[in-house]
Amino acid sequence: MNRKKQFLEGLLTQNPVLVQVLGMCSTMAITTSFFNGLGMGVAVLVILTLSNIIISLIRKIVPDKIRIAMFIVVIAGFVTMVDLLIQAFVPALADSLGVFIPLIVVNCIILGRAEGFSYKNGVVDSFFDGIFQGIGYTVVLLIMCIIRELLGAGTFGGGLLGIDGKGIQIIPAEFGIKMLTLPVGGFLVLGCLIAAMQWALNRNKK
Amino acid sequence: MDQIYELLAISLSAILANNFIFSQFLGICPFLGVSKKVDTAVGMGIAVTFVMALASAITWAVQRFVLDPFGLGYMQTVAFILVIASLVQFIEMFLQKAMPALYTALGVYLPLITTNCAVLGVAQLNVQNSYGFIESVTYGITGGLGFLLAIVLFASIRERLVFADYPKSFEGFPIALVTAGLMALAFMGFSGLKVW
């Protein structure tokens with residue numbers, strides 16, 4: 001399989017969030033600061049890659065009828081491991097992501113790739129698929145974080161850079177559109193991003 | 001009396017102020033996927049409410065009688081998702097036998113409830129807020145009712161979106177997301193709601 005094509009699919013033409021529209025809950029809920037987005041993106045990338053590898057290894061042993069239950073058990077195992085690791089080494093991230101770390105289990109991206117890709121393909125292809133799709137997801141999360149943070153609070157890199165991790169102030173705080181940091185902003189920004197993606201993909205076709 | 005007040009506060013917060021869809025972002029996938037027609041939206045909402053109520057009760061028992069006494073707290077995610085998956089499977093078999101009409105009406109949406117993050121979310125939130133049995137079940141039912149309210153309102157707006165005039169790139173999901181965003185803005189008005 002062509003790696004370059006696979007990479008472009010993960011990042012652009014088959015982007016998990018913008019084109020396949022999977023895993024919306026976490027995308028909108030946690031993209032309030034750069035730190036959250038990066039942490040969530042990396043967590044999903046790791047879990048997706050590991051579960052892709054295991055599922056492509058066991059795909060020939062597992063009976064067709066109970067495959068979904070098997071996928072969920074494999075994914076839940078890895079999510080628990082990552083959850084415990086985050087709680088132990090990055091407690092600040094565990095606090096700010098809260099219930100959304102265990103909820104990676106029901107993130108449709110991971111189950112979707114298991115059913116749609118790694119159940120049908122070999123180990124090496126599945127490994128790269130996990131990494132590329134994970135990168136695609138992380139990039140979208142970071143773009144949303146940057147937009148919502150910059151326009152909402154006027155800062156960049158919240159939770160990571162600046163004094164006390166408050167981020168670097170680029171636009172004065174009083175000019176911020178407060179609405180974008182609230183749940184409403186998640187819906188609106190994601191809607192506009194998907195629209196931009198549809199516009200860009202359709203333009204290339206003509 | 002105090003407990004009744006507390007239950008009322010939990011209910012109001014779950015249905016309006018902290019609506020699962022509009023302020024907690026739980027259950028967005030079925031919310032966007034199954035909201036093209038009001039009829040199916042109602043069916044999905046009722047099914048989710050039912051599963052959320054049962055899942056709250058059972059996961060509470062699992063947490064209280066299995067995970068806590070044996071110090072298995074770290075197995076929580078795995079245990080809960082297995083309980084929910086088997087619960088959904090069981091309900092599916094029960095409905096097929098006892099109420100075939102409802103079963104055919106719900107169709108493919110029933111197995112999809114397993115991967116609805118609102119169900120696993122309500123189980124996790126119950127543990128996090130250390131709710132007792134009655135509080136957990138109340139939170140499950142009212143959270144489900146909040147989901148039902150949101151999805152039915154959204155579906156009725158979406159049915160009319162067909163006649164609306166919007167830019168071509170916004171077709172499909174984007175316009176639905178923008179609509180949901182405006183509804184979330186409206187629901188934010190409830191956040192000032194303080195009863196007691």
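1. In this predicted model, E9(A) and K5(A) sit together in helix α1 of chain A, 4 residues apart, which is about one turn of the helix. Their side chains meet in a salt bridge, with an N to O distance of 3.7 Å. E9(A) counts as partly exposed, at 28% relative accessibility.

2. A second salt bridge in chain A joins the side chains of R67(A) and E115(A), at 2.8 Å from N to O. E115(A) is partly exposed, with a relative accessibility of 28%.

3. In chain B, K168(B) and E171(B) form a salt bridge whose closest N and O atoms are 4.0 Å apart. K168(B) is exposed at 68% relative accessibility, whereas E171(B), at 43%, counts as partly exposed. Over all chains, the rule gives a count of 5 salt bridges.

4. R158(B), which has its place in helix α8 (residues 133–161) of chain B, deserves a separate look. This arginine is buried and yet has no salt bridge, the nearest side chain of opposite charge being that of E159(B), 10 Å away. A salt bridge would need a nitrogen to oxygen distance within 4 Å. Leaving out residues up to four places away in sequence, R158(B) touches L32(B), S35(B), K36(B) and A176(B).

5. The interface between the two chains brings 35 residues of chain B into contact with 33 residues of chain A. About 2,900 Å² is buried between chain B and chain A, and 86% of that area is on carbon and sulfur atoms. Across this interface the rule finds 0 salt bridges, and the count of residue pairs in polar contact, with both residues at pLDDT 80 or more, is 1. On the side of chain B that touches chain A, helices α2 (28–33), α4 (76–98), α7 and α9 (173–188) of chain B each supply at least two residues. The largest share of that side, 9 residues, comes from α9(B). By class, the side of chain B that touches chain A has 23 nonpolar, 11 polar and 1 charged residues.

6. Most residues other than glycine have a negative phi. V21(A), although not a glycine, has a positive phi of about 50°, and this valine is found in the loop between α1 (3–13) and α2 (24–29) of chain A. S130(B) is likewise not a glycine and has a positive phi of about 40°; this serine lies in the loop between α7 (117–128) and α8 of chain B.

7. Apart from neighbours within four places in sequence, I15(B) is in contact with T142(B), L145(B), G146(B), L149(B) and F187(B). The C-alpha atoms of I15(B) and T114(B), which are 99 residues apart along the chain, are separated by 21 Å.

Terms used. Residues numbered from 1 in each chain as written. Chains lettered and ligands numbered in written order. Predicted model: local features only at pLDDT ≥ 70, side-chain atom pairs only at ≥ 80, totals over all residues. Heavy atoms only, no water. Buried < 20%, exposed > 50% of the residue type's maximum accessible area, 1.4 Å probe, protein only. Lys, Arg positive; Asp, Glu negative; His and termini not counted. Contact = heavy atoms within 4.5 Å. Buried area = accessible area lost by both parts, 1.4 Å probe. Polar contact = N/O pair within 3.5 Å; in protein donor to acceptor, adjacent residues only side chain to side chain. Nonpolar A, V, L, I, M, F, W, Y, C, P; charged D, E, K, R; others polar.
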